[in-house]
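Here is a friendly note to read with the structure open beside you. The numbered points go from the whole chain to single residues.

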Amino acid sequence: MRSEFVFVGILVVFSMLLPAAGLGFAWLIRPKKPNPIKKSTYECGIATSSDAWVQFRAQYYIYALVFVVFDVEAVFLLPWAVAYNQLTAYAMLESVVFVAILAVALIYAWRKGALRWS
Amino acid sequence: MDAIAAWLTTVIPGLGLPLAHLIVQVVYSAALAFGAPVGIVVAYTYMERKVIARVQDRIGPNRAGPLGVLQGFADAVKMLTKEDITPAKADRLVYNLAPALASVAAILVFAVLPVAPGVIGTDLHVGIIYVVAVGSLGELASLMAGWSSDNKFALVGAFRTVAQLVTYEVPMVIAVIMVVLAAGSMQLGQIVAAQDVPFLVTLPVAFFIFLAASMAEIGRSPFDLVEAESEIVAGFHTEYSGMKFALFFIGEYMHLFAGAGFIATLFLGGWRGPGAGDGSILAVILGWAYFAVKTTVIIFVMMWARATLPRLRIDHLLDFGWKFMTPVGLAALVAVAVALKIPGLGSPLLRWVAMLAANGAVIAVSLVAIAWAARRSGSASLRGVAGVKG
């Protein structure tokens, strides 16, 4: 089992070499003439006003919460799907009930307006 | 790959089989990490420009080399020689790591992609989960880039990336569960082996959900709100220039190829085709060719969509994901699960018919639901789309 991941480890090392080589080579041959105007943040061509690091919209968190519910659901359903051919019809019914509960959760979030972009 | 390792032990005396495996893996990694990005990016950027030019009744690149085929190399030279500008207010560490992560994440997906019979980096038991997990690392790179730039356009692009990722990850995973259900395995090699009939035929709902969700995850038009140039300049990579911009570009095209390759693997039978059954050299070449053709067809469909469909608005995009694709995906999953447990489904043919019938039922029900929603809504254009009169 563990030996399966040896290749992933090798590939991680090699895949890091590509950006390293590209950036290194570019660093050697590219011009380096910075000035304060060039290094200022782009904002439609006029002088930049204030920081961009501000408070996020709360809406994004609500989507993230609904997402967590469904992602955990996927973690439960994937092993079930792998073992599906060995399972009885009863196990199938159980997971149908499980998906139905999730569907109710989705409907609840929908009715509550969590999925409305205001 | 096993065959090459075995052959190496006969050619080099005293070489053990584990060491031979390691050598093959290192060579294949190097090919994936250096050869594949150059080949894929040069070939598919050229194809994209030509295809879109054709759709828009233009000629497209035609100066660099015969018919412009060297355009990609010309662009690479240009990118390498451009000055690298880092905004003074940027978070330098995150800002510099983001482009590297974008290309690393896209290359890592290739580890489990079966490109020909026996040619696969590693056939992980949890291959599907690996694909979904590593595939979403690319979106993390866009978030890092957008946040660290300290640029308002980039930040809005990064927010959109996250919203889009979480919305389309859900239907994508549901479509994948349907494939796993039908194949009985999460190993990509096994999924290819299970497709005597491609899942495109037996699970059309899963195919369309997965196609749309991967287009959203790769951030391709019509789901390219992340870098909508008419609204937020260039989105998350507004501040990037030179080689760092090029790395995002490499990441995007590698991701495009990997995404299309997975659609081909999961739904079109991967490398399977006439004459690609056994492990002979001819079969490997044929299988590779089938895989390349299927992947290119999927990429063409994505380019065609980019050239013809207008960009979605962010609330429409999220609504489409949560209120249409997710419920339809859940319904299709339940329908397929129930259909496969109908007593007396002994032969494969009956199983295929049952899966297809379940998918057909889901399509019919969702069309009725769309018509109902269109009738209820006040929008005249929506009524027109759904064919509702009055």
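This is a predicted model: local features need pLDDT of at least 70, side-chain atom pairs count only at pLDDT 80 or more; totals for chains, interfaces and linings use all residues.

1. Helices (H or I, at least four residues) and strands (E, at least two) are DSSP runs, numbered from the N terminus. By that count, chain B has 16 helices and zero strands. Its radius of gyration, taken over C-alpha atoms, is 23 Å.

2. Residues are numbered from 1 along each chain as its sequence is written, and chains are lettered from A and ligands numbered from 1 in the order in which they are written.

3. Along its principal axes, the C-alpha atoms of chain B fill a box of roughly 70 × 60 × 40 Å. Buried residues (20 or more other C-beta atoms within 10 Å of their own, the C-beta atoms being placed from the backbone; 12 or fewer is exposed, in between is partly exposed) make up 49% of the 390 residues. Two residues are in contact if their C-beta atoms lie within 7 Å. Among contacts in chain B between residues at least 6 apart in sequence, 73% join residues at least 24 apart.

4. Now to a pair of helices. Two packed helices are described by the angle between their axes and the distance between the axes. Axes here are lines fitted to C-alpha atoms, for helices over the stretch in contact, with angles from 0 to 180 degrees between N-to-C directions. Helix H2 (residues 17-55) and helix H13 (residues 281-308) of chain B have axes that come within 10 Å and cross at roughly 45°. That makes H2(B) oblique to H13(B); angles under 35 degrees count as roughly parallel, over 145 as roughly antiparallel, 65 to 115 as roughly perpendicular and the rest as oblique. Residues making this contact include Tyr44(B) and Glu48(B) of H2(B), and Phe300(B) and Arg306(B) of H13(B).

5. Which loop holds Asp57(B)? Asp57(B) lies in the loop between H2 and helix H3 (71-80) of chain B. Although not a glycine, Asp57(B) has a positive phi of about 60°. With 6 C-beta neighbours inside 10 Å, this residue counts as exposed.

6. Gly157(B) belongs to helix H7 of chain B and is buried, with 28 other C-beta atoms within 10 Å. Gly157(B) and Phe236(B) are 79 residues apart in sequence, yet their C-alpha atoms are 4.9 Å apart in space.

7. Met186(B) sits in the loop between helix H7 (152-183) and helix H8 (188-193) of chain B. Is Met186(B) buried or exposed? Met186(B) counts as buried, because 23 C-beta neighbours are inside 10 Å. Its C-alpha atom is separated by 5.5 Å from that of Val126(B), 60 residues apart along the chain. Leaving aside neighbours within four places in sequence, the contacts of Met186(B) include Leu78(A) and Val82(A), along with His125(B) and Val180(B).

8. That brings us to the two chains together. The contact takes 56 residues from chain A and 67 residues from chain B. On the side of chain A that touches chain B, the largest share, 17 residues, comes from H1(A).

Terms used:
The radius of gyration is taken over C-alpha atoms; the globule rule is 2.2 Å times the number of residues to the power 0.38.
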